[in-house]
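Okay, everyone, thanks for coming. Let me put the structure up, and then we'll walk through it together.

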Amino acid sequence: TLAVLPLESVGGDSTTEYLADGLTGELSRALKNVPGVQVAGDLSTSRFKRTRSGPAEIARQLGVIRLLSGKLQPGNGRVRLQIELTDTTGTSLWSGTFNADTKDNFAMQDTITASVANELKLVLTPATLAAARAGRTVNPDAHLLYLRGQFEKNKVTEVGLRNAIRYFTQALALDSNYAQAHAGMAFAFDMLADLFQPSHEYHTL
């Protein structure tokens with residue numbers, strides 16, 4: 001069992017926090033597609049953002065035996081991700097440093113997924129890789145807009161949900177077949193309708 005903890009955005013630029021949160025979610029989803037891995041849910045792990053709890057306590061609360069954590073440092077259109085897989089004692093099992101263009105980080109995600117799977121003695125088949133990549137876009141600008149939308153959606157506020165829908169709409173304008181953006185938009189609309197407005201206002205955004 002494994003938990004992907006919220007990546008820490010370093011460098012003091014709060015405007016890139018959406019990127020750290022977005023990559024956290026995407027790594028978690030990719031690893032969930034690897035047979036033999038049980039990954040803790042995003043809602044469970046999100047409460048450990050900026051936590052001071054030690055690895056043993058985090059693992060105990062989540063019911064896992066492996067923790068994946070890291071630090072993301074954006075700058076000049078690129079990101080550097082330092083990531084580490086540890087056991088419940090905090091002992092490092094694997095670590096790596098990855099650099100990628102901010103707009104094109106899918107290759108980095110695939111490399112990390114493969115590295116973690118290898119450390120856990122698991123095999124990534126072509127079908128597993130295809131499942132991990134399902135719903136992606138080939139448009140890097142659409143992907144960044146999607147990540148911004150996810151960040152706003154997860155605030156679960158009326159303003160955040162409206163902002164999320166705006167970002168998802170912009171992402172779909174760049175790639176109308178972007179399945180993840182379609183799913184994010186539908187979820188944001190549902191949350192907005194259920195939590196903040198009467199049903200007759202559902203489509204009057």
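Arg136 itself is in the loop between helix H5 (126-133) and H6. By helices I mean DSSP runs (H or I, at least four residues), with strands being E runs of at least two, and both are numbered from the N terminus. And here's one distance for scale: Arg136 and Arg52 are 84 residues apart along the chain, with 34 Å between their C-alpha atoms.

Quick housekeeping. This is a predicted model, so local features need pLDDT of at least 70 and side-chain atom pairs count only at pLDDT 80 or more, while totals for chains, interfaces and linings use all residues. Residues are numbered from 1 along each chain as its sequence is written, and side-chain values use heavy atoms, with hydrogens and water left out.

Now, the rings. How many aromatic pairs does the structure hold? There are 3. One of them is Trp94 with Phe98, a tilted pair at 6.2 Å centre to centre and 40 degrees between the planes. Trp94 and Phe98 are both buried, meaning under 20% relative accessible area, whereas exposed is over 50% and partly exposed is in between (1.4 Å probe, protein chains only).

Next, Tyr146 and Phe168: the ring centres are 5.9 Å apart and the planes are at 40 degrees, so this pair is tilted. What I like here is that the pair links distant parts of the chain, with Tyr146 in helix H6 (residues 140-153) and Phe168 in helix H7 (residues 158-174), 22 residues apart. Tyr146 and Phe168 are buried, and together with Tyr178 they form one aromatic cluster.

Charges meet rings too. The charged end of Arg148 sits over the ring of Tyr18, 4.2 Å from the centre. Arg166 does this with Tyr167, at 4.8 Å from the ring centre. The rule is NZ of Lys or CZ of Arg within 6 Å of the ring centre and within 35 degrees of the ring normal.

On to helix packing. How do H7 and helix H8 (residues 179-195) cross? Their axes come within 9 Å, at roughly 155 degrees. So H7 is roughly antiparallel to H8 (over 145 degrees; under 35 is roughly parallel, 65 to 115 roughly perpendicular, the rest oblique). The axes are lines fitted to C-alpha atoms, for helices over the stretch in contact, and angles run from 0 to 180 degrees between N-to-C directions. Residues making the contact include Leu161, Ile165 and Phe168 of H7, and Met185, Phe189 and Leu192 of H8. Ala183 is also in helix H8, and is partly exposed, at 46% relative accessible area.

Thr113 lies in helix H4 (residues 106-119) and is buried at 5%, touching Leu27, Ala30, Leu31, Val34 and Leu124, not counting residues up to four places away in sequence. Thr45, in helix H2 (residues 42-46), is buried at 3%.

Terms used
Rings of Phe, Tyr and Trp (its six-membered ring) pair if their centres lie within 6.5 Å; planes under 30 degrees apart count as stacked, over 60 as edge-to-face and the rest as tilted. Contact means heavy atoms within 4.5 Å.
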